[in-house]
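Hello,

I am handing over the structure we talked about. Please open it first, then read my notes below.

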Amino acid sequence: MHSEARPSKGLTAAAIGGLLFLHLPILLIFLYAFTTEDRTYQFPPPGLTTKWFAVAWNRADIWPPLYLSLRVAAISTAMAMVLGTLVAAAMARSRFFGREQISLLIILPIALPGVITGMSLRSAFAIMDIPFSTLTIVMGHATFCIVIVYNNAVARFRRLSGAVLEASADLGANGFQSFRYVLLPNLGSALLAGGMLAFALSFDEVIVTTFTAGQQSTLPIWMLNELVRPRQRPVTNVVAIVVFVTTFFPILIAYYLTRGGSETAGGGK
Amino acid sequence: MSRSAILPNRGLADRLSALFWRRPRVLLLLLITPPLLWLGVVYLGSLGALLLQSFYSIDEFSGVVVEEFTLKTYGELFRAANMDIILRTLTMSASVTLASAVIGFPVAYFAARFARGRWKAVFYLGIMLPLWSSYLVKVYAWKLILAKEGIITWAADSVGLGFLLDAVLALPGVGGNSLSTSFIGTWLVFVYVWLPYMILPMQASLERVPVSMLEASSDLGATRGQTFRSVILPLAMPGVIAGSIFTFSLTMGDYIIPQIVGTSARFIGQAVYQLQGTAGNIPLAAAFAVVPILIMLVYLSLAKRGGAFDAL
């Protein structure tokens with residue numbers, strides 16, 4: 001028997017079926033944003049309208065959560081980019097005692113269920129009597145965003161040949177000049193990709209946030225409340241589209257920034 | 001070495017560079033201290049606070065947290081109602097993991113073995129985009145799909161399979177009034193949301209299965225099924241286990257999905273959330289949160305023996 005050079009029909013069908021299963025449900029979000037029915041999830045929609053976009057735009061309760069989410073995502077991403085890059089640089093350039101433990105520590109916030117991270121922070125705030133604020137949300141988000149930036153940065157550091165830094169030093173650059181003119185241009189796209197993903201992750205995070213937000217409402221928390229106690233359901237769909245698009249494009253950009261990982265800068269022998 | 005080969009010192013930046021060159025540990029220390037401080041203080045500190053809280057108890061009359069060491073709170077976990085929550089969560093995690101592996105395997109296998117060029121990119125993005133895209137939007141999409149007046153009921157009725165849907169919903173224990181208020185619904189949403197986390201590590205391990213081994217297997221007269229069982233599956237197992245870590249852990253800690261789609265029966269995550277919020281019983285919430293940590297520690301040590309970490 002010939003070894004399988006082409007997939008069997010069953011396998012192809014199952015694979016494509018799996019992909020469709022992953023993608024089709026999202027499309028319904030878009031459809032339901034245009035339905036004229038705002039009390040049930042009736043399918044097919046009795047009629048189509050674009051008025052919900054205007055209604056959503058004029059709903060005053062949507063804007064503050066949107067601003068809060070953007071602010072939290074921006075601050076958390078910035079912090080995660082600094083901390084994640086630092087730890088990636090340290091982990092990539094040397095072996096030292098406790099290295100394995102540190103890599104475990106970085107992964108832990110996303111390896112353990114979000115409810116644990118959230119509940120841990122909640123316990124700490126309770127013990128130390130820290131009131132809920134934007135900062136408490138950021139503390140949670142920055143913690144699990146570090147690993148995203150770290151993953152992207154460390155992969156690029158590994159591909160970056162040490163020879164380019166030595167060449168830079170040989171040509172008379174000091175460490176800071178090497179960083180500015182050699183390291184940063186090579187790391188740039190990976191850091192940007194990491195930042196994009198961290199932003200996307202933070203922007204729509206809800207599990208940790210519910211524990212660290214108190215009475216504040218980020219956009220995902222606003223959505224969650226609407227899901228539990230719906231009113232004007234299509235408006236929720238409009239917001240869902242906004243959230244989806246705000247996270248979709250950073251992900252896509254991150255993909256294109258880190259694509260073609262085989263060309264190692266300075267690795268040509 | 002001649003004197004002229006050394007450049008003149010151009011100030012602080014040069015002196016620091018020289019210091020870092022002579023003592024790389026100084027640079028390492030400078031790099032790693034800020035992130036370690038953050039993770040150590042904020043994250044590990046919080047985990048410590050969680051443990052500490054779980055050994056406190058709540059005064060049943062005043063509702064005030066008594067900050068004294070006690071095992072009473074952990075004892076409460078063994079009440080029948082709380083054990084039910086834990087067992088229900090474990091059953092759900094296990095069945096979600098199993099289903100993700102079964103549905104995800106063909107996708108991972110196809111992507112690893114047969115997808116080339118553009119299709120490779122299609123599969124990669126096709127798995128990555130759902131993994132990263134908004135969690136809440138995905139859950140919401142299923143709320144629309146599973147609703148009684150939603151697309152599934154409509155589809156089943158229009159092809160004349162409405163009786164099948166009713167039969168499924170009539171199943172004792174897992175059925176319900178509609179899919180969005182049944183265990184089957186909760187399970188479906190869990191599978192959907194965590195499936196990409198299962199596919200990616202499986203694909204990674206399948207990509208490392210050498211084609212020559214499959215050829216050798218068929219040269220020796222094995223049928224496709226035999227090759228699959230005795231060559232592909234054992235070699236892919238680390239990837240399956242690695243994926244199962246994600247699906248199991250994520251299902252166990254989730255409290256949004258069962259809150260939005262499902263019955264009123266609670267899962268661990270919901271118990272934690274309600275206890276710390278409306279009930280104000282932070283010690284019991286903390287003790288509940290320790291349960292998934294312990295289960296995951298056991299799971300991880302078993303997975304490590306199964307070689308799952310080589311596939312990550």
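In which loop of chain A does Asp129(A) lie? Asp129(A) sits between α5 (114-128) and α6 (134-159) of chain A. Before going further, please keep in mind that this is a predicted model.

Asp129(A) is not a glycine, yet its phi is positive, at about 55°. Most residues other than glycine have a negative phi. Asp129(A) counts as exposed because its relative accessibility is 66%, and the cut-off for exposed is over 50%.

Gln232(A) also deserves a look. Gln232(A) has a positive phi near 50° and is not a glycine either. Its place is the loop between α10 (219-228) and α11 (233-258) of chain A. Is Gln232(A) buried, partly exposed or exposed? Its relative accessible area is 27%, so Gln232(A) is partly exposed.

**A buried serine**

Next, turn to helix α8 (residues 175-203) of chain A, where you will find Ser202(A). Ser202(A) has a relative accessibility of 3% and therefore counts as buried; the cut-off is under 20%. Which residues does Ser202(A) contact, leaving aside neighbours within four places in sequence? They are Val72(A), Ala73(A), Ser76(A), His141(A) and Cys145(A).

**The interface of chain A and chain B**

On the chain A side, 89 residues are in contact with chain B. On the chain B side, 84 residues take part. The area buried between the two chains is about 8200 Å². Carbon and sulfur atoms give 78% of that area.

How many salt bridges does the rule find across the interface of chain A and chain B? The count is 0. Polar contacts are found, however: 11 residue pairs across the interface, with both residues at pLDDT 80 or more.

Which helix gives the most to the side of chain A that touches chain B? Helix α1 (residues 9-32) of chain A does, with 14 residues. By class, that side of chain A has 62 nonpolar residues, 20 polar residues and 7 charged residues.

**Domains of chain B**

Finally, chain B is divided into two parts: domain 1 (10-45) and domain 2 (80-311). How many Å separate the centres of domain 1 and domain 2 of chain B? Taken over C-alpha atoms, the separation is 41 Å.

Best wishes

How values were computed: Residues are numbered from 1 along each chain as its sequence is written. Chains are lettered from A and ligands numbered from 1 in the order in which they are written. This is a predicted model: local features need pLDDT of at least 70, side-chain atom pairs count only at pLDDT 80 or more; totals for chains, interfaces and linings use all residues. Side-chain values use heavy atoms; hydrogens and water are left out. Contact means heavy atoms within 4.5 Å. Buried area is the accessible area (1.4 Å probe) that two parts lose on being put together, summed over both. A salt bridge is a side-chain nitrogen of Lys or Arg within 4 Å of a carboxyl oxygen of Asp or Glu. A polar contact is a pair of N or O atoms within 3.5 Å; within protein, one must be able to donate a hydrogen and the other to accept it, and residues adjacent in sequence count only if both atoms are side-chain atoms. Helices (H or I, at least four residues) and strands (E, at least two) are DSSP runs, numbered from the N terminus. Ala, Val, Leu, Ile, Met, Phe, Trp, Tyr, Cys and Pro count as nonpolar, Asp, Glu, Lys and Arg as charged, and the others, Gly among them, as polar. Buried means under 20% relative accessible area, exposed over 50%, partly exposed in between (1.4 Å probe, protein chains only). Domain bounds come from an automatic or database domain assignment.
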